[in-house]
Amino acid sequence: MTNNNRSQWDLGRFIQTLTYFEVVPFVNWVQDLIQGRLNSSQNIPDGAKQVGVILVAGATGGVGQRVVKRLLDAGYKVRALVRDIDKARSVLSDNVELVVADITKPETLNSLVMANIQAVISCTAVRVQPVEGDTPERAKYYQGIKFYQPEIVGDTPENVEYQGVKNLVEAAAKYLPKAGEKLFFDFTKPSTELKNIWGAVDDVVMGGVSQSQIQLVEQTALFAGNVSTANSGGFASVRTKNFAPPFNLSGYEGVELRLKGDGKRYKFLLRTEAQWDGVAYSYSFNTEANTWMNVRIPFAQMIAVFRAKTVKDSPQIDQSKICSFQLMLSKFEYDGELNPQFSPGGFALEVESMKAYGGANLPQFVLVSSAGVTRPGRPGINLDEEPPAVKLNDQLGGILTWKLKGEDSLRESGIPYAIIRPCALTEEVGGKEFILEQGDNIKGKISREDVAKLCVEALQQTKASNVTFEVKQGENTASYIDWQRLFSQLLPN
């Protein structure tokens, strides 16, 4: 296969590439069978789960447990902040990442707890129980405090409802992505998941001899290798496996790369279909040697291509199903034109992160508070007509007063938030219609199950951002909820 103009083609590397990306399913099935990999679906990257994690504080509580389950059912990756890991393991799914921390001790809210968080849902609360005690399952507590004389046990409301929430808010502010951004690769925090997603796709697939790889080196992803024009080749690239389900980047303007190059001109490509050799959307960008830079790639400026040839009359990118990403160094620009910055030989491109930008302003911190927090001491209040928590506020260490101060710490933080003030919580099944109000005058009840549903849904609603509202259940069962319409009635703070 060699002469004056050709180099030895590597058949083994060609087969290795097709196998890694499962281009020939039968080969992968035989390989899985031989190596005992019976559940190959574990190797399929999940777009939803790659977008950071949702941190749930108070995850073992009545609302928190339900929030965790609903997040998992919706495809989120969940990290539970717990104080008692044995208790957490007994009540939470094995699919939940557990971290031990205490919101009243800010030093425990470190990078191990907060790293790569997308949002926070706080369901923390002081422990209230009957003066005469309770069952191990807290049966009396779950009936509601109107049935017994309550007392606070353990930490005080000031420590938990105010200072603890404030500590959690301040820690989250350091790690949450900027509003309107969605981080999907953070190479500064390498993980096994990242190592198993990216692989090389070089011109060996077309007979060439270029070679590249991606390695996690010094808190970056290093795309490096040697590109050769031998055998009519001239490109090297790294690409992700197909995500299933894909990334949904609807509502975002584009993708931003944080990188350091070598002065060469590279391409970023994405695909909206799972075919191995189908249409891709491409964007070329220059780099400055040894200089960190942010490269913004607007979806509207990406070019539909098939093997570096533009595809005329191609539909716009379907941002709701981004199946894969790719980085490439090629001697060609488009339609036979040469890359003006190309030269064969070694190359190196370091990447710190990839994220979507220009998205909607969604809540990043959901705080479960309580209806009635503004009522203690309010002029004109008739305590005889108020719920027990309002009547007993002083007896319970100012629980509602401190909850309000906790809310204020979130409102003042600059983090996009949703503060949910449920009425009396019940253990009922739920499924009733939601009644939302503002002004803190509402009275009623609502199941913990429905509060959890509301918390998870708020993460996806722009109209839930920077609002505080009270909620109770209605009389009717809700067979369908128009979430956008429900939240649109709310006014931002």
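Residues are numbered from 1 along each chain as its sequence is written, and side-chain values use heavy atoms, with hydrogens and water left out. Because the model is predicted, local features need pLDDT of at least 70 and side-chain atom pairs count only at pLDDT 80 or more, whereas totals for chains, interfaces and linings use all residues.

Helices (H or I, at least four residues) and strands (E, at least two) are DSSP runs, numbered from the N terminus, and two strands pair if DSSP finds at least two bridges between them. An open sheet is formed by 7 strands in the order E8-E11-E18-E13-E14-E16-E17, with antiparallel pairing. Strand E8 (198–200) and strand E17 (309–310) each have a single partner strand and stand at the edges, so one side of each is left without a neighbour in the sheet. Within the sheet, strand E11 (residues 235–240) runs antiparallel to strand E18 (residues 324–330) and is joined to it by 5 bridges, and Ser237 has Met328 of E18 as its bridge partner.

Rings of Phe, Tyr and Trp (its six-membered ring) pair if their centres lie within 6.5 Å, and planes under 30 degrees apart count as stacked, over 60 as edge-to-face and the rest as tilted. By this rule there are 20 aromatic pairs. The rings of Phe243 and Phe325 have centres 6.2 Å apart and planes at 65°, so this pair is edge-to-face. Phe243 lies in the loop between E11 and strand E12 (254–260) and Phe325 in strand E18, so the pair ties together parts that are 82 residues apart in sequence. Buried means under 20% relative accessible area, exposed over 50% and partly exposed in between (1.4 Å probe, protein chains only); Phe243 is buried at 3%, and Phe325 is buried at 0%. Ring pairs link both into a cluster whose members include Phe184, Phe185, Phe187 and Trp198.

Asp186 lies in strand E7 (residues 182–186) and is buried, with a relative accessible area of 15%. The side chains of Asp186 and Thr188 are joined by a polar contact of 2.5 Å, the term standing for a pair of N or O atoms within 3.5 Å, where within protein one must be able to donate a hydrogen and the other to accept it, and residues adjacent in sequence count only if both atoms are side-chain atoms.

In helix H4 (residues 62–73), the buried residues are Gly62, Val63, Gly64, Val67, Val68 and Leu71. Gly75, which follows H4, has a positive phi, near 95°.

Key. Expected span 1.5 Å × (residues − 1).
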